Amino acid sequence: MAILTTASAAAKAALTIGGISKLTFIPAMLAALAYFHYDLLDPENRPFNQKYLREEYDFVIVGGGSAGAVLANRLTEVEGWNVLLLEAGGHETDISDVPLLSLYLHKSKLDWKYRTQPQDSACQAMIDKRCSWTKGKVLGGSSVLNTMLYIRGNKRDFDQWESFGNPGWGYEDVLPYFKKSEDQRNPYLAKDTKYHSTGGYLTVQDAPYNTPIGAAFLQAGEEMGYDILDINGAQQTGYAWYQFTMRRGTRCSTAKAFLRPVRVRQNLHIALFSHVTKVLIDKDKKRAYGVEFFRDGIKQVVYAKREVILAAGAIGSPQLLMLSGIGPAQHLEEVGIDVVYNSAGVGRNLQDHIAVGGIVFQIDYPISIVMNRLVNINSALRYAVTEDGPLTSSIGLEVVAFINTKYANETEDWPDIEFMMTSASIPSDGGTQVKVAHGITDEFYEEVFGHLTSKDVCGIFPMMLRPKSRGFIKLRSKNPLDYPLMYHNYLTHPDDVGVMREGVKAAVAVAETAAMKRLGARYNSKPVPNCKHLPLYTDEYWECYIRQYTMTIYHLSGTAKMGPSSDPMAVVDPELRVYGVEGLRVIDASIMPAVTNGNINAPVIMIAEKGSDLIKNTWKPKQKSRSRRSSNCSKLEQILKIERTSQCQKER
């Protein structure tokens with residue numbers, strides 16, 4: 001079956017984008033089926049969608065995304081613990097496995113399709129002036145929709161977390177948890193055992209396919225005085241090839257990495273299309289004891305003997321806390337929800353990484369990723385048979401750079417801008433899906449990029465790493481099916497405007513290096529609407545520009561932040577337990593006190609790895625005092641274990 005999946009994904013990629021007749025593709029698909037015995041190499045299959053659920057589990061995990069998948073795997077390592085994982089979406093699709101097509105998943109059935117409230121500070125080029133916040137509604141969560149970039153963040157990020165009053169979260173404490181997940185496939189990096197490891201569930205590898213543009217970006221970095229290095233190692237400031245959470249040319253989501261290998265565990269139940277609407281809390285004892293959820297249009301209840309764990313992400317987790325009566329008391333009363341615990345920080349402290357879209361450079365050679373040129377039958381066959389080629393490119397992302405603007409302290413190795421450097425850009429797909437995914441208007445696209453449609457270009461997306469602006473989330477109503485109100489507040493802090501402006505200027509300067517001039521690189525200097533009255537390349541122009549094509553990098557975090565009890569805005573303690581209510585934890589990006597320096601999927605997986613150990617440390621000593629039913633199960637397991645041991649001794 002797996003070979004059919006790969007071949008059909010390749011087929012759909014060619015047919016959907018290339019517009020090729022299905023009949024034309026059949027001989028190629030049959031050749032791939034005959035030649036490439038994919039099923040012999042990858043016997044893993046998708047996890048079971050449990051139809052009949054128990055009334056009670058030891059742990060109920062809400063959200064099967066990057067954190068939830070890890071938690072489900074690690075907690076079911078303990079024999080006798082029964083775990084239920086509830087996910088509002090379904091399984092990954094064939095197309096989601098193809099790296100080049102990630103943007104085609106935005107606004108699809110796998111996406112929650114969140115949109116922020118209109119604000120004047122940013123996203124002015126977007127439809128209705130509303131930013132699109134793509135979040136995965138699928139098993140594997142946003143790891144199914146993201147660009148698979150593996151970046152851990154900066155050492156100082158985690159030392160800062162610890163300095164905020166969170167013992168155990170310093171860099172030396174969390175590094176083992178990054179390594180625990182990792183299966184590093186680059187042999188050179190794998191030799192550095194201080195920072196990397198092999199054998200973990202999560203495959204991390206170099207890109208199978210790069211263009212000459214990537215090498216030119218690296219040479220440009222050297223010209224500008226930066227080192228080429230391992231940005232997940234001893235130093236972050238510098239340039240590097242991106243590494244990806246990929247496995248043999250296809251996406252390695254957390255569902256594929258952490259759930260498929262353990263799908264036969266009897267103590268793990270996964271319920272898909274299960275939309276959790278409330279955590280059940282005993283108001284007198286202030287203890288969580290279960291959840292309510294809709295499945296197949298029917299409201300159901302399931303109970304948690306030990307803990308309910310929210311892993312629904314930086315939007316879903318605070319929304320569920322507020323729906324359950326945990327949040328700012330005044331706001332909960334306004335929407336008619338009984339207050340269980342007044343937690344002022346729920347939904348506040350919202351942080352995100354934003355970049356400026358549209359820093360596009362036209363080049364003279366046909367070496368970039370142009371969709372209608374590279375997505376064809378040959379590419380599909382190459383993808384299915386040899387696991388490389390253009391379809392394995394993560395939308396053209398090749399090189400990453402961490403640089404310092406004039407606002408950063410260069411001696412600290414704590415850069416304030418990340419360059420996401422691509423061998424493609426907004427017009428590379430013919431003005432179709434990238435425009436839709438980013439939510440920009442047709443008028444803006446045509447005026448700024450129309451003349452570059454399907455031309456050879458490359459791009460740099462300068463991303464601000466440590467924003468000072470803070471947004472917030474609040475409930476629209478007490479109806480759990482209503483999306484919350486989301487206020488990004490991008491660029492409302494003046495320091496953010498300065499850093500972002502300098503990041504754009506630094507990106508434009510890259511094209512002036514000799515390495516890029518050899519490709520004929522030249523910045524697309526078409527003035528953007530609403531900024532034409534300002535002289536091009538001035539600070540005033542750039543400050544106007546960044547408020548137009550303001551692009552989220554989908555790193556929403558901080559909305560249920562971790563902190564000491566002395567912090568009135570802290571929602572969870574350093575063991576990720578929700579203040580004011582027992583038996584309830586939050587384990588996902590929302591607990592970050594400050595967003596990390598880089599793309600956040602790897603840190604979220606680390607948080608779940610560490611969170612799993614925190615749970616085990618809480619409950620493992622108490623295992624003997626279980627119910628009679630659990631005790632009987634444990635005795636049976638012990639008898640079977642003794643029998644297996646005796647049999648092994650006889651065989652020896």
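Biologist: Which residues of helix α13 (residues 377-386) are buried? Start there, then take me through the other helices and loops.

Modeller: A caution before the details: this is a predicted model.

In helix α13, which spans residues 377-386, the buried residues are Ser379, Ala380, Tyr383, Ala384 and Val385. An α-helix has 3.6 residues a turn, so residues three or four places apart point the same way.

Both ends of α13 have a feature to look at. Asparagine 376 caps the N-terminal end. One of its side-chain oxygens lies 3.1 Å from the backbone nitrogen of asparagine 378. After the helix comes glutamate 387, with a positive phi near 60°.

Now turn to helix α5, residues 155-163. Its buried residues are Asp157, Phe158 and Trp161. They sit on the same side of α5, because the arc they cover around the axis is only 90°. The partners of these buried residues are two helices, α6 (171-181) and α19 (601-619).

At the start, a side-chain oxygen of asparagine 154 comes to within 2.9 Å of the backbone nitrogen of arginine 156. Just after the helix, glycine 165 has a positive phi of about 105°.

Next, the helix pairs. Two packed helices are described by the angle between their axes and the distance between the axes. For α5 and α6, the angle is about 120° and the axes are 8 Å apart. These two helices are therefore oblique to each other. From α5, the residues in the contact are Lys155, Phe158, Asp159 and Glu162. From α6, they are Tyr171, Asp173, Val174 and Phe178. By class, this contact has four nonpolar residues, four charged ones and no polar ones.

On the α6 side, the contact is made by Val174, Tyr177, Phe178, Lys180 and Ser181. On the α19 side, it is made by Ala602, Pro603, Ile605, Met606, Glu609, Lys610 and Asp613. Seven of the residues in this contact are nonpolar, one is polar and four are charged.

Neighbours within four places in sequence aside, asparagine 601 contacts Ser66, Ser143 and Asn146. With serine 66 there is a polar contact between the two side chains, at 2.7 Å. Asparagine 146 is 455 residues away along the chain, but its C-alpha atom is 8.6 Å from that of asparagine 601.

Another buried helix residue is histidine 331. This histidine lies in α11, residues 329-334. Its relative accessible area is 11%, and histidine 331 is therefore buried. Beyond neighbours within four places in sequence, histidine 331 is in contact with Met322, Lys474 and Leu475.

Now the loops. Aspartate 573 is in the loop that joins β25 (550-552) and β26 (584-586). With a relative accessibility of 10%, aspartate 573 counts as buried. A polar atom of its side chain lies 2.8 Å from the backbone nitrogen of glutamate 575. Apart from residues up to four places away in sequence, aspartate 573 touches Met562, Gly563 and Tyr579.

Lysine 107 sits in the loop between β2 (83-86) and β3 (114-115). Is lysine 107 buried or partly exposed? At 31% relative accessible area, lysine 107 is partly exposed. Its phi is near 70°, a positive value in a residue other than glycine.

Phenylalanine 273 also has a positive phi, near 55°. Its place is the loop between β11 (268-271) and β12 (274-282).

To recap the helix packing: the buried residues of α5 pack against both α6 and α19.

Notes: Residues numbered from 1 in each chain as written. Predicted model: local features only at pLDDT ≥ 70, side-chain atom pairs only at ≥ 80, totals over all residues. Heavy atoms only, no water. Buried < 20%, exposed > 50% of the residue type's maximum accessible area, 1.4 Å probe, protein only. Helix = DSSP H or I, 4+ residues; strand = E, 2+ residues; numbered from the N terminus. Arc of directions from axis to C-beta. Contact = heavy atoms within 4.5 Å. Polar contact = N/O pair within 3.5 Å; in protein donor to acceptor, adjacent residues only side chain to side chain. Axes fitted to C-alpha atoms, helices over the stretch in contact; angles between N-to-C directions. Parallel < 35°, antiparallel > 145°, perpendicular 65-115°, else oblique. Nonpolar A, V, L, I, M, F, W, Y, C, P; charged D, E, K, R; others polar.
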